[in-house]
Amino acid sequence: TGVVTLDPGYVNTGSTTSGITFLNGEEGVLRYRGYPIEQLAENCEFIEVAYLLIYGELPTDEQLEVYREKLSTHTMLHEDLRLFYDGFPRDAHPMAILSSVVGAMSTFYQDSLDPHDDWHVEVSMVRLLAKLPTIAAWAYKKSSGQPFVYPKNHLNYCENFLRMMFSVPTEDYEVDPDFVSALNLLLIVHADHEQNCSTSTVRMVGSSNANIFASISAGISALWGPLHGGANEACVNMLERIRDDGCNVKKYVDMAKDKEDGFRLMGFGHRVYKNFDPRATIIKAACHRILEKQKLEDPIFDIARQLEEAALKDEYFIERHLYPNVDFYSGVIYRAIGIPEKMFTVLFAIGRLPGWIAHWREMHADPHKRICRPRQIYTGPTVREFVPIDQRS
Ligand code: CMC
């Protein structure tokens, strides 16, 4: 009933109120719970930011210690959950494994499926945050055929993940503090971004009172797409293609302008940011730092910088306010750490998890919550008389 306003892609439709993340696309401002992203990225540990997003305040020393302890007691996966990995083909995309295993958590924690049971929801949030790095690292181990590495709980969140990714039984991986801080920074800048596609998906699924594991699994699926989180993998593939094709960035800028072609510059453009993406600025500076400190040269970084420069000078990109986004430079850091391309979007998912959880929780605390149920404008046939099968042509 009533007038339906059409807004494809929800460009101007506010779906909710929220007190979690503030974003000003014109001025390139991003704040979590009021704190500028630049300050959080410089000073925090990822789980501190997770706490901030979920509970609304930065933790005190004592609160952080308790939180750390809680998270570290839930890092292991149930051994039966491990068996799921045997069923996936070796070349399965790790994002598919991630969403399947997170969805399967709802079969292992059947006492935690009621979104109004606060105690169980609290444990489920901790389980998700604690286990996602293990689930992710095992997805990688599956693809490389190496034995799974179990978590070590005296390590911090990022150290633990890197160790589970890169240790082998014959050699324990020595965690490089530069890699840990680069990864920590990347997870923080990805941690929330208000009503993006995957977060809206988490809210949409959760609005039917579906359990938290099902809701987060749906968010992971939404993130996988190349127009969203999948852009980091697609961006590095594109940069490699440019490298192999003679480093002619201008050719690719021209291709991106050609609508017939369907090719877009991956890691470029954003629905909300129209001047610059503050996350891209932070990540670009971090790229410089890590490559310099590690004395690494990555031609991909040079190509990215040349491509950015060429695009930002081009009328097409200027007119449309298209700038590098969070996915443009992040792959360069992942490569420096040794993370394979197929895992890039998985890293985005680990980073975004606190945001998804915070939104799911905020939605359920809202006394005005209603099931999400958009309307449509019907464009199909008007009423038709039924035709029996023997009379159809
Ligand atoms: N390369 C070339 N042209 C582009 C690009 C691009 N990367 N992005 C947008 N455009 C053009 C688009 O063709 C359109 O032109 P016109 O007005 O002539 O039809 C105009 O710019 C507006 O684009 P849109 O697709 O209507 O904008 P949107 O807000 O619906 O989409 C976007 C935003 C991020 C999906 C889009 O910019 C894009 O596809 N970018 C490449 C993929 C990417 O990097 N995604 C990551 C986004 S940031 C992190 C995240 O959300 O995960």
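A 3.2 Å separation lies between the side chain of His270 and the backbone nitrogen of Tyr273. The model is predicted.

His270 sits in a loop, with helix 13 (249-257) on one side and helix 14 (278-293) on the other. Once neighbours within four places in sequence are set aside, the residues in contact with His270 are His193, Asp277 and Arg279.

The UniProt record, an unreviewed entry, assigns the feature "active site" to His270 and Asp327. They are spread over 58 residues of sequence yet cluster in space, with a largest C-alpha distance of 10.5 Å. Of these residues, His270 is included in the lining of the largest cavity.

Asp327 belongs to helix 17, which covers residues 326-337. Leaving out neighbours within four places in sequence, its contacts are His190, His228, Gly229, Ala231, Asn232, Cys235, Gly267 and Phe348.

The table lists the accessibility of each residue.

| Residue | Relative accessibility | Class |
|---|---|---|
| His270 | 22% | partly exposed |
| Asp327 | 5% | buried |

The cut-off for buried is under 20% relative accessible area. Asp327 is classed as buried because its relative accessibility is 5%. His270 has 22% relative accessibility and therefore counts as partly exposed, a class that runs from the buried limit up to the exposed limit of 50%.

Terms used
Residues are numbered from 1 along each chain as its sequence is written. This is a predicted model: local features need pLDDT of at least 70, side-chain atom pairs count only at pLDDT 80 or more; totals for chains, interfaces and linings use all residues. Side-chain values use heavy atoms; hydrogens and water are left out. UniProt positions are given in the numbering used here, feature names are shortened, and annotations may be inferred rather than shown by experiment. On a 1 Å grid over the protein atoms alone, a cavity is a set of points where a 1.4 Å probe fits but cannot get out, and a pocket is an open set with protein on both sides within 12 Å along at least five of seven lines; lining residues have an atom within 4 Å of a point. Helices (H or I, at least four residues) and strands (E, at least two) are DSSP runs, numbered from the N terminus. Buried means under 20% relative accessible area, exposed over 50%, partly exposed in between (1.4 Å probe, protein chains only). Contact means heavy atoms within 4.5 Å. A polar contact is a pair of N or O atoms within 3.5 Å; within protein, one must be able to donate a hydrogen and the other to accept it, and residues adjacent in sequence count only if both atoms are side-chain atoms.
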